[in-house]
Amino acid sequence: MGRKQRRGPAPQAVDPHADPSAELRARILGSQERATRGGREWQTRQIPATRATKVYRCPGCPNDIPVGQAHLVVWRADHLFGDDAGVSERRHWHSHCWRLA
């Protein structure tokens with residue numbers, strides 16, 4: 001007699017107060033987090049491969065980040081001249097290089 005196979009994870013309860021568009025935005029635009037490196041606060045945003053449409057030079061290594069490769073965008077969260085100045089000086093990093101920084 002065969003056993004019934006389970007088909008994937010059990011369904012999770014849906015929070016009726018949750019904003020469904022927030023999860024969709026995070027998947028499309030990439031999730032944003034705060035990190036501390038070298039005593040400074042940084043904002044990081046994950047760029048999914050589908051949104052990586054330009055070539056960037058990673059400041060952590062001498063290599064380019066090619067089109068279609070997932071990576072991170074990083075900027076100072078505690079910039080002396082405010083958030084807009086921090087965002088204007090953002091840099092694109094390989095995820096691996098950022099973890100090593």
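How many bridges join strand β1 to strand β2? Six bridges join β1 (residues 32-37) to β2 (residues 40-47), and the two strands run antiparallel. The model is a predicted one, in which local features need pLDDT of at least 70, side-chain atom pairs count only at pLDDT 80 or more, and totals for chains, interfaces and linings use all residues. Residues are numbered from 1 along each chain as its sequence is written, and side-chain values use heavy atoms, with hydrogens and water left out.

**Overall arrangement**

The protein chain holds three helices and six strands. Helices (H or I, at least four residues) and strands (E, at least two) are DSSP runs numbered from the N terminus. From that end the elements follow the order α-β-β-β-β-β-α-β-α. Contact means heavy atoms within 4.5 Å; among contacts between residues at least 6 apart in sequence, 43% join residues at least 24 apart.

**Strands and a loop**

Two strands pair if DSSP finds at least two bridges between them. The hairpin of β1 and β2 has two residues between its strands, and G38 there takes a positive phi near 60 degrees. Strand β2 also pairs with β5 in the antiparallel sense, over six bridges. R45 of β2 stands opposite Q32, and the bridge partner of R45 in β5 is V73.

The loop between β2 and β3 (56-57) contains T50. This residue is exposed, with a relative accessible area of 73%. T50 and G68 are 18 residues apart in sequence, while their C-alpha atoms are 6.1 Å apart in space.

A nonpolar core is a set of buried Ala, Val, Leu, Ile, Met, Phe, Trp, Tyr and Cys residues joined through side-chain atoms within 4.5 Å. The largest one has nine residues: A35, C58, C61, I65, L72, V74, W93, C97 and W98. Two or more residues of this core come from each of β5 (71-76) and α3 (95-100). Leaving aside neighbours within four places in sequence, L72 is in contact with R45, Q46, R91, H92, W93, S95 and W98.

A disulfide is a covalent bond between the sulfur atoms of two cysteines. Here the term is applied to a pair of cysteine sulfur atoms within 2.5 Å, and the count by this rule is zero. C58 is in no disulfide, the nearest cysteine sulfur being that of C97. The sulfur of C61 likewise has its closest cysteine sulfur in C97, too far for a bond. The table lists the values for these two residues.

| Cysteine | Relative accessible area | Distance to the sulfur of C97 |
|---|---|---|
| C58 | 2%, buried | 3.7 Å |
| C61 | 18%, buried | 3.7 Å |

**The largest pocket**

On a 1 Å grid over the protein atoms alone, a pocket is an open set of points where a 1.4 Å probe fits, with protein on both sides within 12 Å along at least five of seven lines; lining residues have an atom within 4 Å of a point. Grid points are joined across faces, edges and corners, and a volume is the space filled by probe spheres set on the points. The largest pocket has a volume of about 190 Å³. Its lining includes R45, I47, Y56, H71, V73, W75 and H92. β2 and β5 each supply at least two lining residues, and the largest share, three residues, comes from β5.

Terms used
Buried means under 20% relative accessible area, exposed over 50%, partly exposed in between (1.4 Å probe, protein chains only).
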